[in-house]
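Please find below a colleague's note on the model under review.

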Amino acid sequence: MSVESRKKALRFLFGPVVDRLGYKFTPNEEDADFLLEQEALLEEKHGVPYCPCQALSKDRAENMKMVCPCIPFHRAHYDAMRRCWCGLFVHKDVTDPDALKQIPPDRFRD
Ligand code: SF4
């Protein structure tokens, strides 16, 4: 499957999953397209669509917490930012994703 087709498939698969979690794709189409492309390439390489913004380790269990959409594993942190770490997904009521700030995990208090 081409990267373009896989991007479309990932978009189709992720939409309903994140919807149930209170999220949607970022309205910034350029960012969404870029991030989905990186995920399609990571999936081609590793067999699963790992997060394009988080470094993989040698710990498989930890890496599985970085398969997109990883929101359930980082729920409190992402809810506090109203976006996921990469910004591919934002809370449903977000209209200006650029106004949202990343909070580094080590500065986030649950
Ligand atoms: S941070 Fe966002 S884009 Fe990255 S894996 Fe998690 S949900 Fe996907």
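The points below proceed from the overall fold to the core, the ligand shell, the backbone geometry and selected residues.

1. The model is predicted, and the remarks here should be read accordingly. The chain contains four helices and two strands. Read from the N terminus, these elements follow the order α-β-α-α-α-β.

2. Dimensions. The C-alpha trace extends over about 40 × 35 × 20 Å along its principal axes. The chain has a radius of gyration of 13 Å, which agrees with the value near 13 Å that a compact globule of 110 residues would have.

3. Burial and contact range. Of the 110 residues in the chain, 20% count as buried. Among contacts with a separation of 6 or more, 53% are made by residues 24 or more positions apart.

4. Nonpolar core. The largest nonpolar core has 16 residues, and the members that touch the most others are L35, L36, C51, C84, C86, L88 and F89. Both α2 and β2 supply at least two residues of this core. The element that gives the most to this core is α2, with three residues.

5. Ligand shell. Which residues are the closest to the ligand? They are C51, C68, C70, C84 and C86, within a surrounding set of 13 residues. The composition of the shell is 13 nonpolar residues, with no polar and no charged ones. C51, C84 and C86 are also named among the core members that touch the most others.

6. Cis peptide bond. The bond from C68 to P69 is cis, with omega near -5°. P69 is found in the loop that joins α3 (60–64) to α4 (75–81). P69 itself is touched by F89.

7. Positive phi. R82 is not a glycine, yet its phi is positive, at about 65°. Most residues other than glycine have a negative phi. R82 is situated in the loop between α4 and β2 (89–91). Is R82 exposed or partly exposed? R82 is partly exposed, because 18 other C-beta atoms lie within 10 Å, and a residue needs 20 or more to count as buried and 12 or fewer to count as exposed.

8. Surroundings of F89 and Y23. Leaving aside residues up to four places away in sequence, F89 touches V18, Y23, K24, F25, T26, P69, I71, R83 and C84. Y23 lies in strand β1 (residues 23–25). Y23 counts as buried because it has 24 C-beta neighbours inside 10 Å. With the same exclusion of residues up to four places away, the contacts of Y23 are V18, I71, F89, V90, H91 and K92. The C-alpha atoms of Y23 and D98 are separated by 16 Å, the two residues being 75 positions apart along the chain.

9. D31. This residue lies in helix α2. D31 is partly exposed, because 16 other C-beta atoms are found within 10 Å. D31 touches T26 and G87, not counting residues up to four places away in sequence. D31 and C86 are 55 residues apart in sequence, and their C-alpha atoms are 9.3 Å apart in space.

10. D59. Where is D59 placed relative to the helices α2 and α3? D59 lies in the loop between α2 (29–46) and α3. D59 counts as exposed, because it has 9 C-beta neighbours inside 10 Å, and the limit for an exposed residue is 12 or fewer. D59 and Q38 are separated by 21 residues in sequence and by 21 Å in space, C-alpha to C-alpha.

Notes. Residues numbered from 1 in each chain as written. Predicted model: local features only at pLDDT ≥ 70, side-chain atom pairs only at ≥ 80, totals over all residues. Near = placed C-beta within 6 Å. Nonpolar A, V, L, I, M, F, W, Y, C, P; charged D, E, K, R; others polar. Rg over C-alpha atoms; globule rule 2.2 N^0.38 Å. Contact = placed C-beta atoms within 7 Å. Core = buried A, V, L, I, M, F, W, Y, C linked by C-beta atoms within 7 Å.
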